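Please go through the structure shown below and work out a few of its local features by question and answer.

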Amino acid sequence: MSVVMLSVAACVSSPSGGASASCALSVGSLYEPQNLDNAGGGGQGAAEALAGNVYEALFRLTEAGAVEKSLASEYTVSPDGLTYTFALRQGVRFHSGTPMTSADVRHSLRRILAGTSTSSRKNSLDMIKSVDAPDDHTVVVRLSSRSISLIYNLSQVWIVNHTLADPKTAEDGTGPYRLASWKRGATLTMERFGGYWGASPKCGQVTFRYYTEAAALNNALLSGAVDVVTSVQSPDALAPFSDTSAFRITEGTSTTKLLLAFNCRRAPFDKPLVRRAVSAAIDDAKLLRSIWGDRGMVIGSMVPPADPWYEDLSGKNAYDVEAAKRMLAEAGYPGGFPMTLDTPQYDPHPTIAEFVKSELAKVGITVTINIISADEWYSRIFQHHDFAATLQEHVNDRDIRYYGDPGFYWGYDNPEVSDLIRRSESAKTTREQTELLRRANHEIVEDAASDWLYLNPQIVVASARVTGYAANAVQAQFPVYGIDKR
């Protein structure tokens, strides 16, 4: 999610004034991992806790969204753009102590591309034809077509020790922290990895503590039970931190979109006119104000301002109850229809579901709210597509590509959009890619493939004694290795 709040925890300082090995950080979160594997259903919680902290990739995204080298030290591209040769950083070891080699990179890529893979990254890497390891420190990736986003997409592929039997239940990464323990439903604890190839993290131990209600999460911060909260759901929660001598409040950028996602395979949401009617019946701006006041923004599409192909399309399918009624009648539903809205149990989804229910009642649509766990959402909705409509956050940037994949959980299938997205990936310039994706986005919005309710704000509230935290949200990650407390 999009709001981060930090306060001071007890920390023993070294004589030099820096944080010592006994410094411990406690992180409060609503997003416990489903498992430890981001390529196997670990979900937002896995990315939040483990990405960059426990696992690394060949490349990494900076807080500003730029791509820089990480486990790859150099790379070259053939003149035709179809062969990438990566030189690996030497001296890197996994937490088990074994050296990282090209065999591990090859394994990590191949498991994303495997026929049995459930990774959401699979479609964005399907142009990879082969991955070879000619020596321990070189990886050669051959493509079936050009991929302007390949380096960016590789920043989201964790490098896993190829000997690790089950990444869902155990980890063996190269990051600055190793996993010490995971008590499901309670805590996930990481310890500083002494063999890390890069700069040593500031705190020796980090514990993520998991909550199912935002109120409990906020109270844990106020009571000192946690030092960092990765998700606060209301601006009202900022009031206790208004003392500027003790806290800093910073607003950065977010890529987290709150969606009302339709199952476009299932009636009545297989009709674009019905989807447009539902979108027009919901006052997105009023919803945003009720949740975030004057923070966040209505963007009208899946594309946030951080993406190069962003346009403000909030005027499309804008709030208009009478227009919504006319569209429903034209689509064959003059009296509305009943529907079930599957809603994750953690805040603010139940509150948003009640708002949506009230709005749709104005046009005759009767909503039954079904509150479900994160596990059920992943299994029943994401994997098996057994739903009519659902609320969900999508945290990544550049994720318009999912509308080009008819097999994705929402089942949107527009051949023209799929072709534009496919062609954009083969573009030779960013300008060409941007133009194609803008065209695709207009088509997606015209079809009301989803209702993009709003873009979350990104707010960091920190103790004046805390430094090194990220102000901007990047791919749901919560990097803790740079946080210092004095």
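The turns below cover a pocket, strand pairing, cysteines and some backbone details of this predicted model.

Q: What volume of space lies in the second largest pocket, and which residues lie nearest its centre?
A: The second largest pocket has a lining of 23 residues. The space in this pocket comes to about 430 Å³. Nearest its centre lie Asn-123, Arg-401, Ile-421, Arg-422 and Glu-425.

Q: Which helix gives the most residues to the lining of the second largest pocket?
A: At least two lining residues come from each of helix H3 (150-154), helix H10 (415-425) and helix H11 (430-446). The lining also draws at least three residues from each of domain 1 (56-167) and domain 3 (255-456). With 5 residues, the helix that gives the most is H10.

Q: How many residues of the lining of the second largest pocket are nonpolar, polar and charged?
A: The lining holds 23 residues in total. Sorted by class, the counts are 6 nonpolar, 10 polar and 7 charged.

Q: Is strand S18 (residues 450-455) largely enclosed or open, and why?
A: A residue counts as buried under 20% relative accessible area. In S18, 6 of the 6 residues are buried. The strand is therefore largely enclosed by the rest of the structure.

Q: Which residue in S18 stands opposite Leu-259?
A: Strand S14 (residues 257-262) pairs with S18 in the antiparallel sense, over 5 bridges. Within S18, the residue opposite Leu-259 is Trp-452.

Q: Which residue takes a positive phi in the hairpin of S5 and S6?
A: Strand S5 (residues 72-77) and strand S6 (residues 83-88) are antiparallel and pair over 5 bridges. Ala-72 stands opposite Leu-88 in S6. The hairpin has 5 residues between the strands, and the one with a positive phi, near 75 degrees, is Gly-81.

Q: How many disulfides does a search of the whole structure find?
A: A disulfide is a covalent bond between the sulfur atoms of two cysteines. The test for one is a pair of cysteine sulfur atoms within 2.5 Å. The number found in the whole structure is 0.

Q: Are Cys-23 and Cys-264 buried or exposed?
A: The cut-off for buried is under 20% relative accessible area. Cys-23 has a relative accessible area of 1%, and Cys-264 has 10%. Cys-23 is therefore buried, and Cys-264 is likewise buried.

Q: What is omega for the peptide bond from Asp-347 to Pro-348?
A: Pro-348 sits in the loop between strand S15 (338-344) and helix H8 (349-361). The bond from Asp-347 to Pro-348 is cis, and omega is near 5 degrees.

Q: Is Asn-317 buried or partly exposed?
A: Asn-317 is in the loop between helix H6 (284-292) and helix H7 (321-330). Its phi is positive, near 55 degrees, in a residue other than glycine. Because its relative accessibility is 21%, Asn-317 counts as partly exposed.

Q: Is Ala-448 buried or exposed?
A: Ala-448 belongs to the loop between H11 and S18. Although not a glycine, Ala-448 has a positive phi of about 45 degrees. Its relative accessibility is 0%, so Ala-448 counts as buried.

How values were computed
Residues are numbered from 1 along each chain as its sequence is written. This is a predicted model: local features need pLDDT of at least 70, side-chain atom pairs count only at pLDDT 80 or more; totals for chains, interfaces and linings use all residues. Side-chain values use heavy atoms; hydrogens and water are left out. On a 1 Å grid over the protein atoms alone, a cavity is a set of points where a 1.4 Å probe fits but cannot get out, and a pocket is an open set with protein on both sides within 12 Å along at least five of seven lines; lining residues have an atom within 4 Å of a point. Grid points are joined across faces, edges and corners, and a volume is the space filled by probe spheres set on the points. Helices (H or I, at least four residues) and strands (E, at least two) are DSSP runs, numbered from the N terminus. Ala, Val, Leu, Ile, Met, Phe, Trp, Tyr, Cys and Pro count as nonpolar, Asp, Glu, Lys and Arg as charged, and the others, Gly among them, as polar. Domain bounds come from an automatic or database domain assignment. Buried means under 20% relative accessible area, exposed over 50%, partly exposed in between (1.4 Å probe, protein chains only). Two strands pair if DSSP finds at least two bridges between them.
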